[in-house]
Amino acid sequence: MNNLLILPVVIPLVMGLLMVLFRKNITLQKIVSAASITATGAVAVLLMIQNDQDGIQTLQIGGWQAPFGITYAADMFSSLLLTTTSIVALSCLLFAFKTIGEERESYYFYPVFLFLITGVNGSFLTGDLFHLFVCFEVMLISSYVLLSLGGTRKQLRESVKYVLINLISSFLFLVGVAYIYAVVGTLNLADLSVKVAEAGQGGMLTAISLVFLIVFSLKAGLLLFFWLPGSYSAPPTAIAAVFAGLLTKVGMYAIFRLFTLVFYHEPQITHLLIGVLGAVTMVLGAIGAVAYGDIKKILTYNVIIGVGFIMAGLASMSIAGMTGSVFYLIHDMIIKALIFLIGGTIISLTGTSKLEDMSGLIRTHPYLGWMFFTAALALAGIPPLSGFLGKVFITQGTFEAEYYWLGGIGLLTSLLVLYSIMKIFMNAFWGETYLSEEMEKGSTKGIMVPIALLTGLAVLLGVGAEGISSYVNLAAEGLMNPELYIKAVFGE
Amino acid sequence: MKEPNDVILRSVTKVAVVIIFTFSINLFFSGHHLPGGGFIGGLGFAAALTLLFLSYDIETVRENISLDFKKVAVVGVLIAVGTGLGSFLFDAPFLSHTFDYFDLPIFGKTELATAVLFDVGVAMAVIGTAVTVIMTISEDR
């Protein structure tokens, strides 16, 4: 039993609720929201240390033992993602302080933001399939509010699509949960793993696993990403950055959890399919990223490429591939939030998102320019920045599993990523400066701090990878050895 | 617009609301061992309020019950989570509950459970949410 596990869910929830009561006091809301996300991050770091020393931490809520009650379990994979979530959320929150505007603030922006984090953290921590559904819903409902908050025409149009898609996928999620409960008779992930291993993963269970794959692919944007470019470019920058940094990652986390802990017996069907989906996603995403001349479109298609690439590591089902995926997942959360923040800043400065209408920002905003350049290199995986190690390990993993085509596509698309992101850099920052500082539509005052924070992290993750590599290895080992998770849940 | 003649509705409502309130409180307390509890009790309570809104108008009801139902919902969830947080003090798993028997003056030997506190929160959250939803829809006209 370790009550620390509930804190990443309860802190943002309680603080968010309290903030609803103090609707008018915006300053207080800013302080409380930043403080509670910092506290959540501190708990996540504590959990990481405990994972390192004592292995997987569990909490049987209400004292009801698994498999009858709801179990919370934090292994190193969860704790790493929790920590990264807090950092990304804090940066986006700092960015929102200056940019989100009074109207949205007075309509519960900060409470809803915290509820979103509640859902994300809960999804990372839970060890129960139905509770995962509940946490997904908490996260999704908050994201509906954040997406439509402000009520501009574009936001409302995209909200309708987004809500519809997610309602359908939530419905399929419930159907999948019902199926698996009918077949196996339990919803506790560890218990599921035991029962599926005992019964053997026959055709029925494999079919059910594919239902879940469809559900989480819709949420993660794996192949079924048609809703993503629209809905991620509609809301204001700070919200779009949170979505890009966190939401698809939760879907990916669920795919990882299910296909390493429960449905790992038929990799020639499920994991090969995930690999194929990942490859197609990477190719389509790369085509989108290269084709468009609009910053928002290029950035959202880059999110899609990242999803495909991380799934390639899972498809390989090897220790190298898993290590790479964990590394890349952390990198991806940070870097996607970062490029969305910088992209949004560029758009607010120039007043347009069309690449052909902007040029020469480097003269007026040198720091922004160089940070974008760093982020671009990290995104493409140039050493020694953060994306490099993940790319190396994932490629190694796919080659070890003899999926040469998958590794090859991964490498090819990273070139296209570099091209697409350099296109933004060259168009926006090079060339003749014809926007003087007075003519700019927005300013960078006060919003450089979160951008610098994330850029620093991207560099640090690359240069200081040795420092967290032991944690990442532990996470990858946990993913490859489901019996560790099972033992921790049933151990007490 | 002509005022609708709803004497019968209003007279029935005056009696029915009291009955519904009593019944939902009964449902709420029976929840620990029998069918019932905070959720269903709260819904019954909200149904009675809705009946009041329908037979009278929102302003009249507001004058008599001047509660902000959004805040009722928030406080309800806070109470529910708060009872869970109590387990931190006793070093028990989150949301643990306990009960004991007490000799109370009128009721005699009574079972008091901490789960009832959680249920109070649930009931308030349900009442607050249901009434807020209904009032928001009615404002839309």
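Start by selecting chain B and colouring by burial: of its 141 residues, 28% are buried. Keep in mind as you go that this is a predicted model.

Walk along from the N terminus and the elements come in the order α-α-α-α-β-β-α. Chain B is more spread out than a compact globule, because its radius of gyration is 18 Å, well over the 14 Å that the globule rule gives for 141 residues.

Next, bring chain A into view and select where the two chains meet. Here 13 residues of chain B are in contact with 14 residues of chain A. Colour the chain B side by residue class, and you will get ten nonpolar residues, two polar and one charged.

For the last stop, go to the largest nonpolar core, which has 208 residues. Which residues have the most contacts inside it? Select A:Ala337, A:Leu338 and A:Ala375. Then centre on A:Ala375 and set aside its neighbours within four places in sequence: A:Ala375 is in contact with A:Ile335, A:Leu338, A:Ile339 and A:Ile342, and also with A:Thr455 and A:Ala458. One of these partners, A:Leu338, is itself among the residues with the most contacts inside the core.

Technical notes
Residues numbered from 1 in each chain as written. Chains lettered and ligands numbered in written order. Predicted model: local features only at pLDDT ≥ 70, side-chain atom pairs only at ≥ 80, totals over all residues. Helix = DSSP H or I, 4+ residues; strand = E, 2+ residues; numbered from the N terminus. Rg over C-alpha atoms; globule rule 2.2 N^0.38 Å. Buried ≥ 20, exposed ≤ 12 C-beta atoms within 10 Å, placed from the backbone. Contact = placed C-beta atoms within 7 Å. Nonpolar A, V, L, I, M, F, W, Y, C, P; charged D, E, K, R; others polar. Core = buried A, V, L, I, M, F, W, Y, C linked by C-beta atoms within 7 Å.
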